[in-house]
Amino acid sequence: MDLAAVPVLDQHAHGLMRPERVPGVPYAAFFTEARDPEQVALHGPTSLSYRRNLRMIADLLGAEPRETAIAARREAMGAEAYARRFIDAAGIEAVFLDDGFAPDELEPVAWHERFFPAARILRLEAHAEELLRRAPGLGSLADAFRESIDPPPRQVVAFKSIAAYRTGLDVRLPAREDAEAGFRAYKAGGPRLAQKALLDYLLGLALEVAARRGIPVQFHTGFGDPDLDLRLANPLHLRAILEDARLGRVPVVLLHAAYPFTREAGYLAATYPRVYLDIGLAFPLLSTGGMERTLGALFELSPTSKIMYSSDAHHIPELYYLAARCARGALGRMLDRAIRAGDLTAAEAERVAGDVLRGNAARLYGWATRRT
Ligand SMILES: [Zn+2]
């Protein structure tokens, strides 16, 4: 199936880097979760995905598939025209930006509206850290935190948690005295919120607000940079909150296809009415075969109404384009196979393509309603 004409609703990404800073970063660093300079420089460029991504970028620019040729083209075109080339070619309907990641390096949400309609995802841990600096006690922190997210700030369509990066996805609503002890430990340590009882306590507050207001909560699951202990990022750890009746029916979005816990994520989406799946970061950081198998693993069990496109793009405009193109290609090939296998009719496959690339997210976040 050729899905080139279907727009993508990118339900999880980050902003672009201030253009003057891009040349200071090794190009391969934008295409890997590795942070070690030796790993990035020596081994990053040998991955299948990097070689393919480099060729796709060069093709679009009509340049040689070399980093120097691409850098020369960026320089010649100017940052804005260069960004526009990739973003226009990506076929984007809108992008939801998590602006709690690298806020000193990336442009703010409003700046991006010159390229696409944008909405904001509120990163709960970063937001809590700002309030924690000023809060004299747990009670005043809880009040300030609740007040600041209920109602959510303007433009916010979702909350996002990076608990997987901090204390793991086995989130348990703690006893008050444990949260108090966590608060004291934070005040003695800080500024990084990594006290499990305190983080879980604040997440509990946010989940209550999200449940009441029907706001989706995105969880980082699966792979990420080495700040993450991958063992704690398996979405099966979320069982305690998925089973918690107090949290009502807050929609939970498992980011990054939970790679490599992709089948586990598919199982959760097939079982819990409020669990949704996202494919970002796996697109475009895996090999082509890896992206197809990841998508295939999600579709093995998950309802098609639960799977959503995103890019998890950050820093450079190339990533919005690569993710959209790779996703359309892999999804088209996977749906062709599903038609041949008799799992879907051609008409059903067409509807599924539109749902995954934009429709499921538009419904979950009420996007169509918001724009009118
Ligand atoms: Zn992200």
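The buried residues of helix α6 are Leu138, Leu141, Ala142, Phe145 and Ile149, where buried means under 20% relative accessible area, exposed over 50% and partly exposed in between, with a 1.4 Å probe and protein chains only. They cover an arc of only 100° around the axis, which puts them on the same side of α6; the arc is that of the directions from the helix axis to the C-beta atoms. The model is predicted: local features need pLDDT of at least 70, side-chain atom pairs count only at pLDDT 80 or more, and totals for chains, interfaces and linings use all residues. Residues are numbered from 1 along each chain as its sequence is written, and side-chain values use heavy atoms, with hydrogens and water left out.

**Helix α6 and its surroundings**

- Helix α6 comprises residues 138–149; helices (H or I, at least four residues) and strands (E, at least two) are DSSP runs, numbered from the N terminus.
- The 12 residues of α6 reach 17 Å from the first C-alpha to the last, close to the 16 Å expected at 1.5 Å a residue; the expected span of a helix is 1.5 Å times one less than its number of residues.
- An α-helix has 3.6 residues a turn, so residues three or four places apart point the same way.
- The partners against which the buried residues of α6 pack are β3 (118–123), α5 (124–134), β4 (156–161), α8 (176–188) and α9 (196–213).
- Aspartate 143 also belongs to helix α6, and this residue is partly exposed, with a relative accessible area of 44%.
- Between the C-alpha atoms of aspartate 143 and leucine 205 the separation is 9.8 Å, although the two residues are 62 residues apart along the chain.
- Beyond the helix, proline 151 lies in the loop between α6 and β4, and the peptide bond that joins aspartate 150 to proline 151 is cis, with omega near 5°.

**Serine 161 in strand β4**

- Serine 161 is part of strand β4 and is buried, with a relative accessible area of 0%.
- Apart from neighbours within four places in sequence, the residues in contact with serine 161 are Leu124, Glu125, Leu203, Gln218, Phe219 and His220; contact means heavy atoms within 4.5 Å.

**The zinc site**

- His12 (NE2), His14 (NE2) and Asp312 (OD) coordinate the zinc ion at 2.1 Å.
- Donors are N, O and S atoms within 2.8 Å of the metal (3.2 Å for Na, K and Ca), and water is not among the atoms, so sites may look incomplete.
- Along the chain, the donors of the zinc ion follow the spacing H-x1-H-x297-D.
- Distant parts of the chain are linked here: histidine 12 is in strand β1 (residues 8–13) and aspartate 312 is in the loop between β9 (307–308) and α14 (318–341), 300 residues apart.
- Both histidine 12 and aspartate 312 are buried.

**Aromatic rings and charges**

- There are 10 aromatic pairs, counted for rings of Phe, Tyr and Trp (its six-membered ring) whose centres lie within 6.5 Å; planes under 30 degrees apart count as stacked, over 60 as edge-to-face and the rest as tilted.
- The ring centres of tyrosine 27 and phenylalanine 31 are 5.1 Å apart and the planes are at 65°, so this pair is edge-to-face.
- Tyrosine 27 is buried at a relative accessible area of 7%, and phenylalanine 31 counts as buried at 5%.
- One aromatic cluster is formed by Tyr27, Phe30, Phe31 and Tyr50.
- Arginine 74 lies over the face of tyrosine 82, at 5.5 Å from the ring centre, and lysine 306 lies over the face of tyrosine 276, at 5.3 Å from the ring centre.
- A charge sits over a ring if NZ of Lys or CZ of Arg is within 6 Å of the ring centre and within 35 degrees of the ring normal.

- Tyrosine 259 and proline 260 are joined by a cis peptide bond with omega about 5°, and proline 260 lies in the loop between β6 (252–254) and α11 (262–271).
- Histidine 256 lies in the loop between β6 and α11; this residue has a positive phi of about 65° although it is not a glycine, and is buried at a relative accessible area of 1%.
- Histidine 315, in the loop between β9 and α14, is a residue other than glycine with a positive phi, near 70°, and counts as buried at 8% relative accessibility.
- The 24 residues of α14 should span 34 Å at 1.5 Å a residue, which agrees with end C-alpha atoms 34 Å apart.
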